[in-house]
Amino acid sequence: MTVTSSERPDLTVSGQPVSSSLKDVRALSQKMVGHFVENVVPCRTLPGEALNGDITTITRVCLELAVSMFDGTDIPGKTQQLEHVAAGWAREGIPIDTIHHAVHEGFKLGFDLILDNATAADFDNIKNISRRLLDILDTITSTVSHAYVRELRTVVSEHHTAAHTLTSALLGGHPTSTMARECGIEVAESYSVLAVSIPPHPDERNPRLDNKVVARRKLRRVQAELATRCGEGVLSLLSIDGGTILLPSELLEDEAIDALVDQLSHAAQVPLTAAVVPATPAEVPAAADQAHELLDMVQRLQCVHGLYRFDDLALEYQLTRPGPGLDHLHTLLEPLDEHPELLETLRRHISNNLNRQRTGRALHVHTNTVDYRLKRIGQLTGFDPSQASGVWYLRSALIARSYKQPRPQGPQREAS
């Protein structure tokens, strides 16, 4: 809408319209771009075609928009052009802070040009001009920000969809070379395949909070931390409870994956548990199955949180394979079914590396009580927990039993 002269405050300097200082937009835009190169550090790293092309063009558009707003003429076409260019910057990855910094530098330069022609008699007019400059700045920054963020969300969504498609293909064992080209994501030579469990955040149980919102925020923090630490090369399928991460082997050394799990736990604000298995792209489906089997076993055994590898659990893994051996081991603890306190004592004692004092503290009983219960376990099962051979069989039986029974629900217990 055009504003009439009677409705418009006095926007003149030395009797001339303030826009007259900005009319030569072509020469002034070139001068401003040179100013950006000298004074806006990130602009120095932009390629020449960007400076001579989009940057100069959009500077001219901003100047034309400023002149229009000073003169009170229509501006929709110019804001649409500004939106188009800002969207292009988002897709090209030009930082938003660089854009805003350049805009503000341009305003400083333009304001200096206006003040060059001002006298003491223009004081009241300068106040009106300053207010209008703020309106112009608000229009430009809000237009740029809105278009930039809208386009960035589209880019992120496109990458997320492409990454999701490629991850599903790798996990499903489908041919990935063509799909990788279509997705624009390179398939790594090998991966560290992580099966991840994310326990509930304490606030998910708070009746005063929306547990779904809390869970989604937890997941977003994990995804953001993963992207920050590993970049766009990492692939993942994650829910609020966990999932699978395909980490290109060249991104992190094997020992650094432990630190990554700690960092993800810190971001989630809950301790994560993960199992990792190395694999080539063709081996990813089998590796993912094995990693999740290992993770399931870790949770059934109520191990402490952290990262586990196959080497850490080879014996336990073998003991849980179906067969007559597993069936026999499962029966060894049946005499304790009617004595749950004895079964819990055995679990705690073994998880505490046979430390009677720690077991007593964990169960809130005296060490003499622990000794008595261990003796009863030996009498009922025929395997003495104080002997190495007895402990070996009892621990193997616990592993077998954990496989046969439903997995414990809720957060895992740390070893006491």
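This is a predicted model: local features need pLDDT of at least 70, side-chain atom pairs count only at pLDDT 80 or more; totals for chains, interfaces and linings use all residues.
Biologist: How do helix 13 and helix 14 cross, and at what angle?

Modeller: Helix 13 covers residues 356-363 and helix 14 covers residues 367-381. Their axes come within 8 Å and cross at roughly 100°. That makes helix 13 roughly perpendicular to helix 14, because angles of 65 to 115 degrees count that way.

Biologist: Which residues meet there?

Modeller: From helix 13, Arg356, Gln357, Thr359, Gly360 and Leu363 take part. On the helix 14 side they meet Thr367, Val370, Asp371 and Arg373.

Biologist: What does that contact hold by class?

Modeller: The contact of helix 13 with helix 14 has two nonpolar, four polar and three charged residues.

Biologist: Now the strands. In which sense do strand 4 and strand 5 pair, parallel or antiparallel?

Modeller: Antiparallel, over five bridges. Strand 4 is residues 235-239 and strand 5 is residues 242-248.

Biologist: What joins strand 4 to strand 5?

Modeller: A hairpin does, through two residues. Ser239 stands opposite Gly242 of strand 5.

Biologist: Changing topic, how many aromatic pairs does the structure hold?

Modeller: Two. In one of them, Phe383 and Tyr393 are stacked, at 5.1 Å centre to centre and with 20° between the planes.

Biologist: Where do Phe383 and Tyr393 lie?

Modeller: Phe383 lies in the loop between helix 14 and helix 15, while Tyr393 is in helix 15 (388-404), so the pair ties together parts that are 10 residues apart in sequence.

Biologist: And what about the rings of Trp392 and Tyr393?

Modeller: Their centres are 5.5 Å apart and their planes stand at 80°, so that pair is edge-to-face. The cut-off for edge-to-face is over 60 degrees. Ring pairs link Phe383, Trp392 and Tyr393 into a cluster.

Biologist: What is the relative accessibility of Phe383, and of Tyr393?

Modeller: Phe383 has 21% relative accessibility and counts as partly exposed. Tyr393, at 36%, also counts as partly exposed.

Biologist: And which relative accessible area does Trp392 have?

Modeller: Trp392 has 46%, and this residue is partly exposed. Buried would need under 20%, and exposed over 50%.

Biologist: Back to rings in general: what describes a pair of them?

Modeller: The distance of the centres and the angle of the planes.

Terms used: Residues are numbered from 1 along each chain as its sequence is written. Side-chain values use heavy atoms; hydrogens and water are left out. Axes are lines fitted to C-alpha atoms, for helices over the stretch in contact, and angles run from 0 to 180 degrees between N-to-C directions. Helices (H or I, at least four residues) and strands (E, at least two) are DSSP runs, numbered from the N terminus. Angles under 35 degrees count as roughly parallel, over 145 as roughly antiparallel, 65 to 115 as roughly perpendicular and the rest as oblique. Contact means heavy atoms within 4.5 Å. Ala, Val, Leu, Ile, Met, Phe, Trp, Tyr, Cys and Pro count as nonpolar, Asp, Glu, Lys and Arg as charged, and the others, Gly among them, as polar. Two strands pair if DSSP finds at least two bridges between them. Rings of Phe, Tyr and Trp (its six-membered ring) pair if their centres lie within 6.5 Å; planes under 30 degrees apart count as stacked, over 60 as edge-to-face and the rest as tilted. Buried means under 20% relative accessible area, exposed over 50%, partly exposed in between (1.4 Å probe, protein chains only).
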